[in-house]
Amino acid sequence: MSAPSQPLSDDPAELTSHRPLVKRYSGVVRLTHWLNAVFLVGMVASGLQIYNAYPHFGPRGNVYPLPNPLDGSPTPEWSRLGGWLAGGLNWHFLLAWPFVITGLVYLGFLVLSGQWKTLVFRPGDIGPAMRMQLYYLHLPKDHPPQGKHNALQKGAYTFIVALGVISALSGFAIYKPVQLAWLTTLFGGYELARYWHFVSVWLFVGFTLLHVTLVLLVDPASLRGMITGWYRGRFPSHD
């Protein structure tokens with residue numbers, strides 16, 4: 001009777017080298033992903049330049065008591081793009097349309113290819129998402145089973161798409177408050193639309209920082225995959 005087979009090595013790097021190399025991310029996904037990352041940085045920087053012209057929310061002389069850590073505080077010059085108000089506005093409007101268009105191309109590709117099914121958060125994902133969150137808090141020792149995306153990732157991706165819609169719509173409500181009066185009213189008026197736009201942008205930034213951190217800590221192979229399209233990592237490339 002033959003002896004049971006043993007692992008080739010306990011070295012994680014050697015184990016990774018024996019995993020299959022698979023095509024995971026299409027060119028459309030990779031291109032729109034990186035373009036939107038660049039556009040987002042430019043839009044945040046130019047948005048800070050615009051915000052700096054009036055670092056409050058509410059009419060002059062009647063500042064709304066809304067949570068705002070930056071209230072009345074100018075942001076550092078290195079974090080702004082445009083140099084002054086008009087320059088910030090020009091950069092913001094220049095980048096806004098490419099940002100929206102690449103976002104629509106990405107969503108359109110997901111719908112046409114059927115890949116949206118692996119990203120949408122469903123009620124059945126609530127339990128697995130809670131277990132994954134506990135794992136990130138180091139409560140259970142073993143990583144819960146998952147496919148290409150775990151339930152917590154699905155929730156984050158679904159949330160970020162909804163946040164992108166809110167960010168774009170609130171931006172249009174600020175840009176055309178007369179022509180799109182119905183949209184501006186929907187956000188509670190011009191000043192509140194401006195605030196929701198501000199909040200959504202910082203949630204975008206927070207999501208991006210958390211996303212990058214978890215990728216580097218949990219599955220760095222997916223970062224290489226998002227660059228080359230090919231993945232050789234610890235998780236399957238399907239759900």
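**Exercise 1. State the handedness with which α2 passes α7, and characterise the packing of the two helices.**

*Solution.* Step 1: α2 passes α7 in a left-handed crossing; a crossing is left-handed if the near helix is turned anticlockwise from the far one by less than a right angle, and right-handed if clockwise. Helices (H or I, at least four residues) and strands (E, at least two) are DSSP runs, numbered from the N terminus. The model is predicted: local features need pLDDT of at least 70, side-chain atom pairs count only at pLDDT 80 or more, and totals for chains, interfaces and linings use all residues. Residues are numbered from 1 along each chain as its sequence is written, and side-chain values use heavy atoms, with hydrogens and water left out.

Step 1: The axes of α2 (residues 27-52) and α7 (residues 190-218) lie 11 Å apart, at an angle of about 135°. Axes are lines fitted to C-alpha atoms, for helices over the stretch in contact, and angles run from 0 to 180 degrees between N-to-C directions.

Step 2: α2 and α7 are therefore oblique to each other, since angles under 35 degrees count as roughly parallel, over 145 as roughly antiparallel, 65 to 115 as roughly perpendicular and the rest as oblique.

Step 3: On α2, the contact (heavy atoms within 4.5 Å) involves H33, L40, V44, L48 and Y51. On α7 it involves R194, F198, V201, W202, F204, V205, T208 and H211.

Step 4: By class, this contact of α2 with α7 has nine nonpolar, three polar and one charged residues. Ala, Val, Leu, Ile, Met, Phe, Trp, Tyr, Cys and Pro count as nonpolar, Asp, Glu, Lys and Arg as charged, and the others, Gly among them, as polar.

**Exercise 2. Determine how α2 and α8 are oriented to each other, and which residues make their contact.**

*Solution.* Step 1: α2 packs with α8 (residues 221-228) at an angle of about 105°, and their axes are 8 Å apart.

Step 1: The two helices, α2 and α8, are therefore roughly perpendicular to each other.

Step 2: V29, R30, H33 and W34 of α2 meet L223, G225, M226, I227 and T228 of α8.

Step 3: The classes in the contact of α2 with α8 are five nonpolar, three polar and one charged.
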